[in-house]
Amino acid sequence: MSRRLLLAGFFYNPQGNHRISWRHADAPTAEVYGLDYYARLAREAEAAKLDFIFVADHLAVWTEAKSSLRHYANTRLEPITLLSALSALTQEIGLVSTASSSYSEPYNLARQFASWDHISGGRAAINVVTSAMASEAQNYGHADVFRHADRYRRADEFVRVLRDLWDSWEDDALLFDHESGEIAAPAKVHELRHEGEFFRVRGPLNVPRPPQGHLPVFQAGSSEDGKNFVAEHVDVQFVSLRTIEEGLAYRADMDARLSARGRRPESLKILHGIQPVVAASQDEAREKFAALQALQPDRLSIDLLSTWSGLDLNGVDPDGPLPELPAAEGYKGVQTTLERVRHHAQKGLSVIEIARLMSAGGEMHFVGGTPGQIADEIEAWFTSGAVDGFNLMFPHLPGDWSDFTRLVVPELQRRGLFQTEYGPGTFRDRLGLAPAENRFRATAR
């Protein structure tokens, strides 16, 4: 099968990927808590034939950063609820919801996602996160986050149980035989009787097997634990890269990890996060982004850096160097983010320079300019083989989203790089993933 460019519309903050996007002159306000706002953007994405919409999530208001509540409250709709509603208003586009393996039970989520997959006609997928914020843990009865390695061991067991629950009904287990009175074949409905380190689950699920069999699993971990988890379980990985060369090295590393687990390279799709801004020139695009960044108070940027670095930067000279960072070993937060902080500190950037850089939409790759210039960069990355597609993390919504779907997508289609129609089958089929074999049926053979 030939490679196909994948494009995803991303929701981080409701008004855009930049944390201060809500202050943009054209930003929506309270309508981001209603359906019409998202329905409009979903329909634009589907009209442009984007592959899927992806909704990120947090399970708390981000109070770790002291000024967040004042400047960046981080409020958002629960994504499964939102995307389930959007599945009734769209027909083709894939829909990906974030869910926490740290503070969810696999039975609950297996049931929710299976139900949603049936309702959407096989268009749902799950982005598994290993929640790393203390405020999230405290909302679920824990004093602090789980240790990094424990989070990934739990996630490993979580995904195994999730898929076993989806397999607990074979595809032909339901009979609906009016004459015999048999609604299901008992031999084709399976109990798990799972007893593991983190979960005890009897099963079977009380929802038939989803149309996709196994919903596609997404993940963004790039630590050692994260990459090993991806190689074991994940169908689509989100990454943040700096250069094509770095992307090619990352792809080679992941291919080796996949091979060690008996998986083929094409079984994992890698999507690079970019922030596209359409303008008359690259300089104008940078000016648009800089104007948005200028709206963010330095106090918020420094407070966010305190959270990411594990340091209390109150009273530290903002124009001076960053104090010594904690070691990655044993760090409970997001290790990949900590290493990005370390990378900038080693380059000699000051506290405020690092804070402003990293708080600008999560430090994702900025791609700005004319539709042709943005298409050039997308084409270069994709044809190099470094990535399979892009997570489009628009700094400002709805403007940057609408500009991209109206202007950049047609240019990519004109070049033969991007689809002009959706392919047949489920979301899993369209991603080019192999059919999901039922574990219980395979064991019985």
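## Helix H12 and its neighbours

The buried residues of helix H12 pack against H9, H10 and helix H11 (335–346). Contact here means heavy atoms within 4.5 Å. Helices (H or I, at least four residues) and strands (E, at least two) are DSSP runs, numbered from the N terminus. H12 itself covers residues 351–359. Its buried residues are Val351, Ile352, Ile354, Ala355, Met358 and Ser359. Buried means under 20% relative accessible area, exposed means over 50%, and partly exposed lies in between (1.4 Å probe, protein chains only). Seen down the axis of H12, the buried residues fall within an arc of 160 degrees, so they line one face of the helix. The arc is that of the directions from the helix axis to the C-beta atoms.

This is a predicted model: local features need pLDDT of at least 70, side-chain atom pairs count only at pLDDT 80 or more, and totals for chains, interfaces and linings use all residues. Residues are numbered from 1 along each chain as its sequence is written, and side-chain values use heavy atoms, with hydrogens and water left out.

Helix H4 runs over residues 106–120. At 1.5 Å a residue, its 15 residues should span 21 Å, and its end C-alpha atoms are 21 Å apart, which agrees. The expected span of a helix is 1.5 Å times one less than its number of residues. Which residues of H4 are buried? They are Pro106, Leu109, Ala110, Phe113, Ala114, Trp116, Asp117 and Ser120. These cover an arc of only 165 degrees around the axis, which puts them on the same side of H4. Their cover includes helix H3 (79–87), strand S3 (94–100), strand S4 (124–129), helix H6 (148–167) and strand S8 (200–201). After H4 comes Gly121, whose phi is positive, near 75 degrees.

H6 has 20 residues. From first C-alpha to last it reaches 29 Å, close to the 28 Å expected at 1.5 Å a residue. H6 is mostly covered, with 16 of its 20 residues buried.

## Aromatic pairs

Rings of Phe, Tyr and Trp (its six-membered ring) pair if their centres lie within 6.5 Å. Planes under 30 degrees apart count as stacked, over 60 as edge-to-face and the rest as tilted. By this rule the count comes to 19 aromatic pairs. Take Phe10 and Tyr12: their ring centres are 6.3 Å apart and their planes are at 10 degrees, so the pair is stacked. Both Phe10 and Tyr12 are buried. Phe289 and Phe366 make a tilted pair, 5.1 Å centre to centre with 50 degrees between the planes. Phe289 lies in helix H9 (residues 282–293) and Phe366 in strand S12 (residues 365–369), so the pair ties together parts that are 77 residues apart in sequence. Phe289 counts as buried at 14% relative accessibility, while Phe366 counts as partly exposed at 25%.

Ring pairs also build a cluster. It links Phe10, Tyr12, Phe52, Phe54, Phe218, Phe238 and Phe427.

## Charges over rings

A charge sits over a ring if NZ of Lys or CZ of Arg is within 6 Å of the ring centre and within 35 degrees of the ring normal. Arg3 lies over the face of Phe382, at 4.2 Å from the ring centre. Arg439 lies over the face of Phe440, at 4.1 Å from the ring centre.

## Salt bridges

A salt bridge is a side-chain nitrogen of Lys or Arg within 4 Å of a carboxyl oxygen of Asp or Glu. The structure holds 38 salt bridges. One of them joins Asp51 and Arg4 (2.8 Å, N to O). Asp51 lies in the loop between helix H1 (35–47) and strand S2 (52–55), and Arg4 in the segment before strand S1 (6–11), so the pair ties together parts that are 47 residues apart in sequence. Is Asp51 buried or exposed? At 6% relative accessibility, Asp51 counts as buried. Arg4 is partly exposed at 28%.

Glu191 and Arg193 also meet in a salt bridge (2.5 Å, N to O). Glu191 is partly exposed at 32%, and Arg193 is exposed at 57%. Asp303 pairs with Arg299, their closest N and O atoms being 3.0 Å apart. Both lie in helix H10 (residues 298–309), four residues apart, about one turn of the helix. Asp303 counts as buried at 5%, whereas Arg299 is partly exposed at 36%. Salt bridges that share partners join Asp376, Glu379, Glu411, Arg414 and Arg415 into one network.
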